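Work through the exercises below with the coordinates open. Each task is followed by a solution in steps.

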Amino acid sequence: MKPAPAHAVLRVINPGALATLQDRGRMGYQRYGVPQSGAIDTLTFAVACMLVGNELDEAAIEFTLTGGSYVLESGRCRAAVAGAFAVALNGTTVPSYRAFDLRAGDMLRIGSSPVGHGGARGYLAVAGGFDVAPVLGSRSTHVRSGIGGLDGAALRKDARLRLRTPQAQSGPPLALDPRLARHDPGPIRVLPGPQDDAFAAAGWEVFLGESWRMSPHSDRMGMRLEGARVPHKSDYNIVSDGVPHGAVQVPGDGQPIVMLADRQSTGGYPKIATVISADLPRLGQFRPGDALRFARVAIDEAETAARELAARIELLRSALRPAGILV
Amino acid sequence: MNADKRRANATPAHRILQAGDQALVVEFGDAIDARLNRLVQALDRRVGKAAIEGVIECVPTYRSLMIVYDPLSIGSAALRRRVEKLVPTSAEAEAPSRRWTIPVAYGGALGLDLEDVARAHGLSGDEVIALHSGAEYRVYMIGFSPGLAYLGGLPEPLHTPRRTSPRLRVPASSVAIGGIQAAVFSVEIPSGWHLLGRTPERLFDLRRTQPFLLGAGDRVLFRPISAAEYDRLAALTERGEVVAECEAGA
């Protein structure tokens, strides 16, 4: 009998600005006040999963602005980074969007995004996934609630992540042409509502006409925007109701906040519009200071865009190539 | 307020609002009102029972139901048609709901604002306790943080505007009032509500098979207990036990 292979363990040397385990999110518990959570840029997240042969409901490390560094303490594993970030394995550059194999002692360093590429979030996936127990059906971390991920917290220095053994035999490492994974440019598309009637024409003019800057006080809960003031028709407090993913709520100061994956399930500010599902992943790549605009669309366009995004992810799967073929 | 009351007592009108391409919101009004809340919860049960393909979850709140769906499985127009048929048109007989009796240690270090609230209303601390524990409440919604229960039914003499400066940290299991509402907090949060006491019960504990104690529509009674009883019961909940009593709805 062969001895059981040593469990692969990845140790965090430096988690960067914020690194958390995320999957597609926690579904079905918002009625109990539990936020959805999950990867903010689900497109880039999906690519990281596919590069190491994981299902799209597996968890990956989501890192923010800088990737940090990791060492494989024991065992071996296949890993990949998706997102426009500089990656080095034992000091040698490895392109992102390209899987590689790690052996015990190997050091992985993920830097920041090359200038001009605008990457804000990247994903580190390992074949087989991280060996943490799902909480309420998901491995996603919600730091404020202390739920999911590794002990309900963001990854800290010296945290040790056990990896599960991949089910499938691994072939040659896969790679993807990074150009295929780029987000579309252009304004962020929104559907009016649910409280579009809390704003008069003047409010809509400012919201759609002005350019917004992402505030450094943004986080996984909400993307805070700075710019002109969106006036309310009258009151800016409503009786608390459900907060949909991508809702653009406008508090009393008139500065919109786009509600992201970690948003609370209910809230009491009027929501002028909601970002369409196909544009939610794009929000994950904005950095503090970046400018954005909103464009109003109709439900048909939103639904077409949702189908196109799903089709695009399937297309990316078929565009994966053995790493040697891409230079 | 009067306008809201009138609307709530009239035949309920509802609106179905688009909330992005992944959610619809069915809104029955814009007030905090038991009748509107009953309609929300009736629709919640009906949508749950209908098991519509593509519906992921529903979030019942005071006066509206958010229906979260997968736009790849069902379109907005089709879902609207399905939901429209499920909207209750009148206050139907309410489904039996659970009735909880939750122990609370009032005042002192566990209820920092009890005396202030009493003074604000010209009452004694004991009178506030008698009023607060003498009413039956209804869980209007669970929201904001895991397991936090917003309750309707606070007796009018205890209606109290929120604190002018919110506290940055309010302990889990605080029993609080704010405006016309009452609540039991589940995890430590910032809050401007007045703290009357604390329950040794935990509204959210992942170690239990049912991590969430309360659900929207449940009824709640509070039972005053001594500090010594609080300590005894807290030792039990520390081990993952439930100390609140529950009667199944009749």
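The exercises cover a helix pair, a sheet, a domain division and a chain interface in a predicted model.

**Exercise 1. Helix packing in chain A**

Determine how the axes of helix H1 and helix H4 of chain A are oriented, and which residues make the contact.

Solution.
Step 1. Two packed helices are described by the angle between their axes and the distance between the axes.
Step 2. For H1(A), residues 42–51, and H4(A), residues 299–318, the axes come within 10 Å and cross at roughly 30°.
Step 3. Angles under 35 degrees count as roughly parallel, so H1(A) and H4(A) are roughly parallel to each other.
Step 4. The handedness of the crossing of H1(A) and H4(A) is right-handed.
Step 5. H1(A) contributes A:Leu43, A:Ala46, A:Val47 and A:Met50 to the contact, and H4(A) contributes A:Ile313, A:Leu316 and A:Arg317.
Step 6. Sorted by class, the contact residues are six nonpolar, no polar and one charged.

**Exercise 2. A sheet in chain A**

Give the strand order of the eight-stranded open sheet in chain A and identify the strands at its edges.

Solution.
Step 1. The order is S21-S14-S15-S18-S17-S20-S13-S22, with mixed pairing.
Step 2. S21(A), residues 291–292, and S22(A), residues 294–296, each have a single partner strand, so one side of each lacks a neighbour in the sheet.
Step 3. S21(A) is joined by two bridges to S14(A), residues 212–214, and these two strands run antiparallel.
Step 4. Within this pairing, A:Trp212 has A:Leu292 as its bridge partner.
Step 5. Helix H2 of chain A, residues 201–209, lies across S20(A) and S22(A), running at about 125° to S22(A).

**Exercise 3. Domains of chain B**

Describe the contact between domain 1 and domain 2 of chain B.

Solution.
Step 1. Domain 1 of chain B spans 2–86 and domain 2 spans 99–247.
Step 2. Their centres, taken over C-alpha atoms, are separated by 28 Å.
Step 3. Seven residues of domain 1 and nine residues of domain 2 form the contact.
Step 4. On the domain 1 side, helix H2 of chain B, residues 34–50, gives the most, with three residues.
Step 5. That side has four nonpolar, three polar and no charged residues.

**Exercise 4. The interface of chains A and B**

Which strand supplies the largest share of the side of chain B that touches chain A?

Solution.
Step 1. The contact involves 37 residues of chain B and 33 residues of chain A.
Step 2. Strands S1, S2, S3, S4 and S6 of chain B each supply at least two residues of the chain B side.
Step 3. The largest share, five residues, comes from S3(B).
Step 4. By class, the chain B side has 23 nonpolar, 10 polar and four charged residues.

Conventions: Residues are numbered from 1 along each chain as its sequence is written. Chains are lettered from A and ligands numbered from 1 in the order in which they are written. This is a predicted model: local features need pLDDT of at least 70, side-chain atom pairs count only at pLDDT 80 or more; totals for chains, interfaces and linings use all residues. Axes are lines fitted to C-alpha atoms, for helices over the stretch in contact, and angles run from 0 to 180 degrees between N-to-C directions. Helices (H or I, at least four residues) and strands (E, at least two) are DSSP runs, numbered from the N terminus. Angles under 35 degrees count as roughly parallel, over 145 as roughly antiparallel, 65 to 115 as roughly perpendicular and the rest as oblique. A crossing is left-handed if the near helix is turned anticlockwise from the far one by less than a right angle, and right-handed if clockwise. Two residues are in contact if their C-beta atoms, placed from the backbone, lie within 7 Å. Ala, Val, Leu, Ile, Met, Phe, Trp, Tyr, Cys and Pro count as nonpolar, Asp, Glu, Lys and Arg as charged, and the others, Gly among them, as polar. Two strands pair if DSSP finds at least two bridges between them. Domain bounds come from an automatic or database domain assignment.
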